[in-house]
Amino acid sequence: MTAWRTPDIHAAEDFLTSAVAEADRAMRSAEQNLKGREPSAEDVRRVMQFAKSSDASPAMRQLADRIARGAGLSWRQVLTGEASHDPLVRQALEADRATLNELIRGETAPPPPPRRPARTDDDEPTQFTEDAW
């Protein structure tokens, strides 16, 4: 029943299998690199400063207040993922993910798309002739 599997199909299956294996290796490597990365003191300072600012989400400001009160949670635990079991930590990280990526990893959010100029009445013809259509 394998007569339909031509050499091209076998080659495609082999290619797909190797591509999936390579993707799995890359994902495992990336996970190990992220788990082993300890946030620097500068990373923590920038996140703390952001969390206290008006630009932070309400969840992030609530998390900052909770950490400041000494609730057995530290910014290091939050940033390394050790506190990811906490619902408030998850909510705060999700709400401000883009900003945190900028603060910790130096990534920048993509620029907003350019705005199209507003249309004015000058853009539309006021008279139509037979030639215009």
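These notebook entries record what I looked up in a predicted model of one protein chain.

**Ground rules.** I number residues from 1 along each chain as its sequence is written, and I leave hydrogens and water out, so that side-chain values use heavy atoms. Because the model is predicted, I require a pLDDT of at least 70 for local features and count side-chain atom pairs only at pLDDT 80 or more, while totals for chains, interfaces and linings use all residues.

**Confidence.** I looked first at pLDDT, the predictor's confidence in each residue on a scale from 0 to 100. The chain averages 79, and 72% of the residues score at least 70. By element, helix α1 (residues 7–35) has the lowest confidence, with a mean of 79, and α3 has the highest, at 93.

**Elements and overall numbers.** I took helices (H or I, at least four residues) and strands (E, at least two) as DSSP runs, numbered from the N terminus. The chain has six helices and zero strands. I then looked up burial, where buried means under 20% relative accessible area, exposed over 50%, and partly exposed in between, with a 1.4 Å probe and protein chains only. Of the 133 residues, 20% count as buried. The accessible surface, from the Shrake-Rupley method with a 1.4 Å probe, comes to about 10,700 Å², and 54% of it belongs to carbon and sulfur atoms. For contacts (heavy atoms within 4.5 Å), I noted that, among those with a separation of 6 or more, 55% are between residues 24 or more positions apart.

**The core.** Which residues have the most contacts inside the largest nonpolar core? I used the term for a set of buried Ala, Val, Leu, Ile, Met, Phe, Trp, Tyr and Cys residues joined through side-chain atoms within 4.5 Å. The largest such core has 21 residues, and V47, M60, L63, L73, W75 and V78 are those with the most contacts inside it. Two or more residues each come from α2 (41–51), α3 (58–68), α4 (75–80), α5 (87–95) and α6 (97–105), with α3 giving the largest share, five residues. In soluble globular proteins, nonpolar side chains tend to be buried together.

**Helix α3.** I listed A59, M60, L63, A64 and I67 as the buried residues of α3. They lie on the same side of the helix, because they cover an arc of only 140 degrees around the axis (the arc being that of the directions from the helix axis to the C-beta atoms). P58 and A68 are exposed on the other side of α3. The buried residues of α3 pack against α2, α4, α5 and α6. After α3 comes G70, with a positive phi near 80 degrees.

**Helix α6.** Here L100, L103 and I104 are buried. Seen down the axis, the buried residues of α6 fall within an arc of 85 degrees, so they line one face of the helix. They pack against α2, α3, α4 and α5.

**Salt bridges.** I searched for pairs in which a side-chain nitrogen of Lys or Arg is within 4 Å of a carboxyl oxygen of Asp or Glu, and the whole structure gave seven salt bridges. One of them joins R46 to D43, with the closest N and O atoms 2.6 Å apart; both residues lie in helix α2, three residues apart, about one turn of the helix. D43 counts as buried at 3% relative accessibility, whereas R46 is partly exposed at 24%. Another pairs R66 with D86 at 2.6 Å, N to O, and links distant parts of the chain, with R66 in helix α3 and D86 in the loop between α4 and α5, 20 residues apart. D86 counts as buried, at 11% relative accessibility. In a further salt bridge, E82 meets R76 at 2.8 Å, N to O; E82 is partly exposed at 44%, and R76 is partly exposed at 34%.

**A loop residue.** Is S57 buried or exposed? S57, in the loop between α2 and α3, is buried, with a relative accessible area of 12%. Not counting residues up to four places away in sequence, S57 touches A95 and D96.
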